[in-house]
Amino acid sequence: MKNLLFLCILLNTLSSFSQNFEITGTLKDKDNNLIESATVYLESIKDSTMITYTISDAKGNFNLSGNTKAKKANFFVSYTGMMPLKKELTLAEKIKHLGNLVLKENSQLLGEVVVVAERAPITIKKDTLEFNASSFKTGADANVETLLKKLPGVVVDKDGGIKVNGMTVNKILVNGKEFFGSDLTVATKNLPKEIIDKIQVVDTKTKDEAFTGEEGDKENKTINITIKKDMNKGFFGRATAGYGTDDRYSVSGILNYFNNEERLSVLGGSNNVNTSGFNSDEVRDIGGGQHNWRKVNGVWQQSNPLFNNTTDGITQTTSAGIHYANEWNKKTDLGTDYIYNRSDTEAGSNSRTETFLPNNDSYTSVSNANSNGASFGHNFNLEFEIKPDTLTRISIEPGFTKSKGDLFSDNRSTRSSKFGGLINSSSTNTDSKFDNYSTKLDVSISRKFKVPGESISLWLNSGYNRNTSEERFKSTIDYADVTLTDENVNQLKTNKQTGDYLNANLRYTRVLKGNWFYNASLRADINNSEIDRNTLDFDNLTQEYSNTNTNLTNEIKTNTTIFSPSAGVEYKEDKLKIRFNLGYNFTTLKNEDLLANTSISNKFNSPNFMVNLWKPMGQGKSIWARISNRARVPQISQLQPIVDNSNPLNTIVGNPNLKASNVTRISFNHRNFNMKTKSGYNIRVSTSFTKNAAISKMITDPVTYKRTTTYENVNGVYWAYMSGGYNKKYKMDKHNFSYNLDLGMDLSKNKSFTNELELTTKSFNLQPEVSFTYNYDDLIEVTPRYNYNHNNLDYSIDLGQETNYSSSTLGISLETYWPKMIEFENDFSMNHNPNVAPGFSKTTYMWNASLGVKMIKGKGILKLKVFDLLNQNTSVRRSAYQDYISDTESLVLKQYFMLSFTYKVTKIRGKKKPSFQS
């Protein structure tokens, strides 16, 4: 509280020396045409620091307002194709009208003119929003993430996720090329701001869409980071090493080499504090961990944790990667990366789950689960792109992944009925090994014709995968009722799953007339898979696994063939884009049981359509809407009549008679960003209705309470989602403010069957979130935040208990960079789960902190980091589904102290900064 009081006093004192101003005018060309989307900005005469900026509207008007202590400032107007305009203005008047300002055509490309034009803080070029990095002041050691936080309309969350005007950023490019795949933070946390020229924001597009000029994804954004031309030669990187209490350690490093179009990056690290291999030097990156094993069609697999900071379990990770990209003669591009990862994970949890049955009955399961697993993996990708001429693009992308590991798990539980008390005690024990690999080859060929808008593209995607596993499985069920026979299972399961696929898509686009285009496409997908599962029961006489269990042994072949012709029309202009596509899916799915010598063939034929609309409504405003209808084929595991007894209390078997689901989805998005106020809001609504939804059908034995689950088709399932957000940034000399308000709501109706009774569950979820950031001259930054999650479930049967539950998180982060060579970081949060069952922690606290001292001329920093300063870290959560409510507490990383040292190296062959002229 004392610190916050001090900030308020400091703010009031310093702001009293500043003055408000407002500058207005109208921009025209020599023919008296109004100029829209020109950049108007104000800079300090003393050091060229940007004071504020805005964009002219559709009528050429601009309103430049802000707050500064400066008495005079340089006024600039920049617009593509026009000579930049510069004036020195006196800011004594609170409101200053400049009248009509006429911009001249840029007939001479003088060096100094181009330099001034490039200084515009923000530029709008058709569908591209471009920020000039040098216009946004940051600290000396800032990275791209710090820069993004300064940009209007850009929000970077605590985990590094990025949104621009409410739209999610799902791709980061560096000089137009990918940088270590899909992980955004590799670029945002490791590229220094000093080498960045521009930040460009565009709709996410595939490379073929970008080449042919087709429309991209209006729901997601891509950020392209361009490197300064005079700093695109050299290398930079950093290395960190730390050791702490309880033998906690962390080492990581990354080295980047740039030589114009050639780029080489090498990274790696190892730690046992649950962070990704090279982002472990920040307070918000330390801690967490997750048990990320999963079983797919009987085969154990583990997701690649190279780029994932997680929250549950304790993981030791060792990872390394290399990325290389180059371009020759503007015709040939090469991009390749290789990643190695090894992880050892310890996980554990205690849970209490209440499952509801008809007639006001229910049973409660209390379980304890523990596991230990180790895995290593290799991932290689290459992209080779050729442009033999300006109208043709050829891309060849091979890839290979390999993973191998083992997992041991132990689960013990008791099950009690609502009216009858203890039913049984059970345990399962698995000891498994897996060995998986996959290959792929993607080829695409695009050809543009001399007629604008006419193109033809062919995509070929093929691949092969093989997953094998061996598992020793033991389970026991001890019944409280002595009249029931206890159950014991001891089995050896071997699984081999192979598959291959070939997908081909041919698409042709041509101008119909004027702004109208039409397209036709033909798509064929062929997917083959074979599952060979052998189960041997343990023979007590021979003490070997020798008795084949015919019920759990099978060999299944599956073939899925999809043939999809479609056609559409599209209207495109700057102020309106409409697209309509209509197609038909011919789907054949064949299951063949080689041991039983039986086969089942299903055909799913259905139409599909999609209508898209995008319309700008003025500067920074637009609406986007879509309605679509598509068939969804059941998953293989839902169709195959294979018994899965991995949980002896819940046996699962597929239903080969399932029909395809039909999903109709309607989406709407509206965004509005005001350049004058540096504020904006976005609204998104999406809803879907499903016919023939594949849902769970469960039969619970009334005596043993063992459950068998299969699948059935039903109608009447729907889902709706609405979200809205508002963000604003405000600058007052050295004071920077930003706040974000977000609200998410979803409503759904799901169905299931329990003991032949149809159970309908309606759920409503409300998630408001608010955060505020105050930054003073990059010396101190404080961010309080709060989020709340409320869930309401309405069941069609009477449960006899409360079905509303909520959780909330209150947090604050504080970072100070004063005195100059000292860094002090704190992140505190309080999590409250008031509705969890007795025995689970309702309120938990987490406080991470670090104190760093810079040395060696700022190239090195020595840090003392503390994870879980209060020693109260726990992970408790409540979840609910159609027929159960569950509370879970997971194993988490506990308190540790760590001393680390980071050294940064930079050697860039740059030029002297150019002088600016009016």
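Reader: What do the numbering and cut-offs rest on?
Author: Residues count from 1 along each chain as its sequence is written, and side-chain values use heavy atoms, with hydrogens and water left out. The model is predicted: local features need pLDDT of at least 70, side-chain atom pairs count only at pLDDT 80 or more, and totals for chains, interfaces and linings use all residues.

Reader: Which residues form the nonpolar patch on the surface?
Author: Val853, Met855, Ile856, Leu862, Leu864, Phe897, Leu899 and Tyr903, with about 630 Å² of accessible area together. Areas are Shrake-Rupley with a 1.4 Å probe, and for residues only the protein chains shown count as cover. Patch residues have over 30% relative accessible area and no salt bridge, and nonpolar side chains (Val, Leu, Ile, Met, Phe, Trp, Tyr) are joined within 5 Å. A salt bridge is a side-chain nitrogen of Lys or Arg within 4 Å of a carboxyl oxygen of Asp or Glu.

Reader: Which strand gives the largest share?
Author: β49, with 3 residues. Strands are DSSP runs of E, at least two residues, numbered from the N terminus.

Reader: Other topic. What is the strand order in the open sheet?
Author: β4-β1-β7, with mixed pairing; strands pair if DSSP finds at least two bridges between them.

Reader: Which strands stand at the edges?
Author: β4 (61-68) and β7 (95-102); each has a single partner strand, so one side of each lacks a neighbour in the sheet.

Reader: How many bridges join β1 to β4?
Author: 8, and the two run antiparallel. Asn20 has Asn67 in β4 as its bridge partner.

Conventions: Patch = residues over 30% accessible without salt bridge, like charges linked within 9 Å, V, L, I, M, F, W, Y side chains within 5 Å. Helix = DSSP H or I, 4+ residues; strand = E, 2+ residues; numbered from the N terminus.
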